[in-house]
Amino acid sequence: IFKISNMKLILHNMLTSAMIKGVKKGYPLLLRATKVELQPVEFDAGFVVHMLPRLDWSGVTAAVQCLNQPDLLQDPLPELPPTVPDDYANNEDFLRKAHIALMQLDVIEGCLVCPETGREFPIAKGIPNMLINDNEAA
Amino acid sequence: LTLQKRTPDTNHAGKGDFTTVYPASEDSFLFLDCLDSQADYLRQKLKPSVSVEIGCGSGVISAHLVQHVLSDSSGVSGSSCACLCTDLNPAAALCTAVTCCQLMPVASDLAGCLRSGCADLVLANPPYVPTPDDEVGTPGIAAAWAGGLEGRRVIDRLLTEAERLLRPTPQLSAFYLLMLRENRPEEVALEMRCRGFKSMLVVERHCAGENLSVWRFERGGVEESEFRVF
C-alpha cells in the first residue's frame, strides 16, 4: 500500500496555461474538483512563513473559493482574508488557516481550466496532466 | 560517527504500471552525490522555497533532496521547500508520487505549465545520449535518454526553461544540470555565462563507458536583501 501525494493548492499556485498559443497570462487556472479530501498535515508555521512571499495570494483565495461547492468536502474550508496580513509572521491564527489551504486540501480528481481558452487539464489520482498537443503550443 | 549514505527507494520504477519509467541508475546516483556535496550550500545559502525538477523520472533526485539533503540532521523532514517535479511521461509523474509523498508531480513538456520566476532551484538529469533527432521525446522509456544531435536537443531547451523559471536577480537562484562529455559541457557553461550565470563543475565520474558531470549554474545573490511581494 503506497501513500500517494495528491495535488495541493501550493502546486495550483504555480500552474499556468501560458504554454498554449494565444494565451496572455493563463493564471490562475480555474479549479473544478470532483474529489477533494482534507488530509491532516502537522502544522508547520516556519514552512508557511517561508512560502508566503513566493505565492500569489489572490490565486490561493481563488482556488479555495473554487472548492466551495456543496457536497465536495465534509469539513469546512478555512476562511482566508483577501490579503496577507502585515503581521503574518506572528499571526498564528492566519498561518494555521493558510497551512490548511496550502497543504491539507488534497485534490484527487477533477480538472484545471485555462481562464482564457477554457481548455481543460485533467487531474487524476492526484496528478494534474498539463500536456498539450503540438498544434496547441505557442 | 559514520556518515551513512541514504538513497530513496525506487524499486517500483521500471516495472508494472511504471515499466516506461527510467529506474535510478549511475547518472541518478551521481546527481545524488552532487546534492550531498552541496548540502551546506543548499541549506545555508540558497535555502530554497521552491524547487523544480524537470524530467523527474522515478523521482529519486527530488526525493533525495527533500528527505536527506534539505531535512535537518535528525532526519526529520522539516524542509521548508515545495519540491515540484515535471515529466513528459504521466507514468513517471505517478511513479514520483509513490516514491515520495512530499513531492508535487505534474505531467508536462519540460516545465511549460509553471509560472516564470517561480523557483529558486531547478534540477535536471536530462536525456543526454546522442541519438538520431527523431528519437527525441517519443512516447515510452526512450524519451528518458534520447538526446538527439550531440545529445543536446533537450539540454538546449532546458537552458532557456531554467532561465525562465528561476526568480530574477538580485535573488539568488541555482540550476543543477547533468551532462555527458559528448554534450560539450564547457560550451554549455559558456552559454550560461552569457545568460548571466556563474558556472561550476560540482562532481564528475566515469561510469559504464560514460564520462558524466553535474554542473551548478548560479545567478544573483545580494546579501542581506529581503523582498516580500504578495
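1. Buried area is the accessible area, taken with a 1.4 Å probe, that two parts lose on being put together, summed over both. Between chain B and chain A that area is about 2900 Å², with carbon and sulfur atoms giving 66% of it. Please keep in mind that this is a predicted model, in which local features need pLDDT of at least 70 and side-chain atom pairs count only at pLDDT 80 or more, while totals for chains, interfaces and linings use all residues. Residues are numbered from 1 along each chain as its sequence is written, chains are lettered from A and ligands numbered from 1 in the order in which they are written, and side-chain values use heavy atoms, with hydrogens and water left out.

2. Now to who touches whom. On chain B, 38 residues are in contact with 33 residues of chain A, contact being heavy atoms within 4.5 Å. The rule finds eleven residue pairs in polar contact across this interface, both residues at pLDDT 80 or more. A polar contact here is a pair of N or O atoms within 3.5 Å; within protein, one must be able to donate a hydrogen and the other to accept it, and residues adjacent in sequence count only if both atoms are side-chain atoms. The elements of chain B giving two or more residues to this side are strand E2 (82-87), helix H4 (90-99) and strand E3 (104-107). H4(B) supplies the largest share, five residues. Helices (H or I, at least four residues) and strands (E, at least two) are DSSP runs, numbered from the N terminus.

3. What is the make-up by class of the side of chain B that touches chain A? It has 25 nonpolar, seven polar and six charged residues. In this scheme Ala, Val, Leu, Ile, Met, Phe, Trp, Tyr, Cys and Pro count as nonpolar, Asp, Glu, Lys and Arg as charged, and the others, Gly among them, as polar.

4. The rule finds one across the interface of chain B and chain A, and it joins the side chains of Arg54(A) and Asp120(B) at 2.5 Å, N to O. The rule asks for a side-chain nitrogen of Lys or Arg within 4 Å of a carboxyl oxygen of Asp or Glu. Over all chains, the whole structure has 20 salt bridges.

5. On chain A, helix H4 (residues 92-104) has buried residues, including Phe94(A), Leu95(A), His99(A) and Met103(A). Buried means under 20% relative accessible area, exposed over 50%, and partly exposed in between (1.4 Å probe, protein chains only). The cover over the buried residues of H4(A) includes helix H1 (9-14), strand E1 (30-38), helix H2 (45-51), helix H3 (57-66) and strand E2 (105-113) of chain A, together with E3 of chain B.

6. Strand E2(B) is worth a visit. Six of its six residues are buried, so the strand is largely enclosed by the rest of the structure. Ala82(B), Leu84(B) and Thr86(B) point one way, and Cys83(B), Cys85(B) and Asp87(B) the other. E2(B) runs parallel to strand E1 (residues 50-54) of chain B, joined by five bridges, and parallel to E3(B), joined by four. Strands count as paired if DSSP finds at least two bridges between them. Glu53(B) stands opposite Cys85(B), and Thr86(B) stands opposite Val106(B) in E3(B).

7. Asp33(B) and Arg205(B) meet at 2.7 Å, N to O, linking helix H1 (residues 26-37) to strand E6 (residues 198-207), 172 residues apart. Asp33(B) is buried at 18%, whereas Arg205(B) is partly exposed at 37%. In the other pair, the closest N and O atoms of Glu218(B) and Lys198(B) are 3.4 Å apart. Glu218(B) is in strand E7 (residues 210-219) and Lys198(B) in E6, so this pair ties together parts 20 residues apart in sequence.

8. Finally, is Ser173(B) buried or exposed? Ser173(B) is buried, at 0% relative accessibility, and lies in strand E5 (residues 173-180) of chain B. Not counting residues up to four places away in sequence, the residues Ser173(B) touches include Asp120(B) and Glu218(B).
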